[in-house]
Amino acid sequence: MSKFYIHNTSIIDEKVKIGKGTKIWHWCHLSSNVRIGNNCILGQNVFIGKNVKIGNNVKIQNNVSIYEGVTVRDDVFIGPSVVFTNILFPRSFKNQKKKFLKTLVNKGTTIGANSTILCGNNIGEYSLIGAASLITKNVKSFSMYYGSPAKFRYKIDKDGKKIK
């Protein structure tokens with residue numbers, strides 16, 4: 001038995017490191033120098049850009065795009081069709097590859113389906129981003145955010161329950 005599983009329709013570029021127990025499903029593309037930890041699951045049609053680092057026990061659902069400049073820490077859940085950006089003001093006629101802004105998704109975070117995470121933001125530990133949210137600023141740890149643009153709604157515990 002191999003130490004990880006990659007579906008035969010997926011594309012894995014050079015210098016990619018994949019941890020033990022990780023499963024990569026149909027039509028995924030992992031760009032060069034990507035690092036994925038142990039026991040991760042990448043659903044179908046996931047794109048991971050160059051140099052992205054993904055921690056252990058991360059679940060990335062179908063149709064997610066994570067571009068260069070993003071780091072995902074351990075125990076993160078990323079819902080279906082979530083998109084991360086890496087340039088705030090993209091222009092097709094301008095090369096801005098040296099201007100990618102860093103985004104950090106900290107341990108235990110959940111990001112709901114169809115959310116967009118604008119680059120340059122830190123998402124705090126064990127935070128919860130509601131479905132279809134637009135993250136335009138840093139997210140506090142142990143907090144619920146949702147909306148477009150997303151706003152702080154209330155504090156949560158490690159399990160995601162509202163603190164009264």
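This report walks through a sheet, a few loop residues, a salt bridge and a surface patch.

## About the model

The model is predicted, so local features need pLDDT of at least 70 and side-chain atom pairs count only at pLDDT 80 or more, while totals for chains, interfaces and linings use all residues. Residues are numbered from 1 along each chain as its sequence is written, and side-chain values use heavy atoms, with hydrogens and water left out.

Nine strands form an open sheet in the order 1-4-7-10-13-16-19-21-22, and their pairing is mixed. At its edges stand strand 1 (5-6) and strand 22 (150-155), each with a single partner strand, so one side of each has no neighbour in the sheet. Strands here are DSSP runs (E, at least two residues), numbered from the N terminus. Two of them pair if DSSP finds at least two bridges between them. Strands of a sheet pair through backbone hydrogen bonds, either parallel or antiparallel.

## A closer look at strand 21

Which strands does strand 21 join? On one hand, strand 21 (residues 143-147) pairs with strand 19 (residues 128-129) in the parallel sense, over two bridges. Here Leu128 stands opposite Met144, and Ile129 has Tyr145 as its bridge partner. On the other hand, strand 21 runs antiparallel to strand 22, and five bridges join them. Strands 21 and 22 form a hairpin, with two residues between them.

Strand 21 is mostly covered, as four of its five residues are buried. Buried means under 20% relative accessible area, exposed means over 50%, and partly exposed lies in between (1.4 Å probe, protein chains only).

## Two loop residues and their contacts

Asn138 sits in the loop between strand 20 (134-135) and strand 21, and it counts as partly exposed at 44% relative accessibility. Leaving aside residues up to four places away in sequence, Asn138 touches Gly120, Asn121, Asn122 and Tyr145, where contact means heavy atoms within 4.5 Å. A polar atom of the Asn138 side chain lies 2.8 Å from the backbone nitrogen of Asn122. Asn138 and Thr103 are 35 residues apart in sequence, and their C-alpha atoms are 9.5 Å apart in space.

Thr85 belongs to the loop between strand 14 (83-84) and strand 15. Thr85 is buried, with a relative accessible area of 19%. Its touching residues, again not counting those up to four places away in sequence, are Thr103, Thr116, Ile117, Leu118 and Cys119. The backbone nitrogen of Cys119 lies 2.9 Å from a polar atom of the Thr85 side chain.

## A salt bridge between loops

Side chains of opposite charge can pair when their charged atoms come close. How many salt bridges are there? The count comes to one, where a salt bridge is a side-chain nitrogen of Lys or Arg within 4 Å of a carboxyl oxygen of Asp or Glu. The side chains of Lys107 and Asp75 meet in a salt bridge at 3.0 Å, N to O. Lys107 lies in the loop between strand 15 (103-105) and strand 16 (110-111), and Asp75 in the loop between strand 12 (70-72) and strand 13 (77-78), so the pair ties together parts that are 32 residues apart in sequence. Lys107 is partly exposed at 30% relative accessible area, and Asp75 is partly exposed at 31%.

Tyr5, Trp25 and Ile41 make a nonpolar surface patch of about 240 Å². Patches are made of residues with over 30% relative accessible area and no salt bridge; like charges are joined within 9 Å and nonpolar side chains (Val, Leu, Ile, Met, Phe, Trp, Tyr) within 5 Å. Accessible areas come from the Shrake-Rupley method with a 1.4 Å probe, and for residues only the protein chains shown count as cover. Ile41 lies in strand 7 (residues 41-42) and is partly exposed, with a relative accessible area of 31%.

Technical notes: A polar contact is a pair of N or O atoms within 3.5 Å; within protein, one must be able to donate a hydrogen and the other to accept it, and residues adjacent in sequence count only if both atoms are side-chain atoms.
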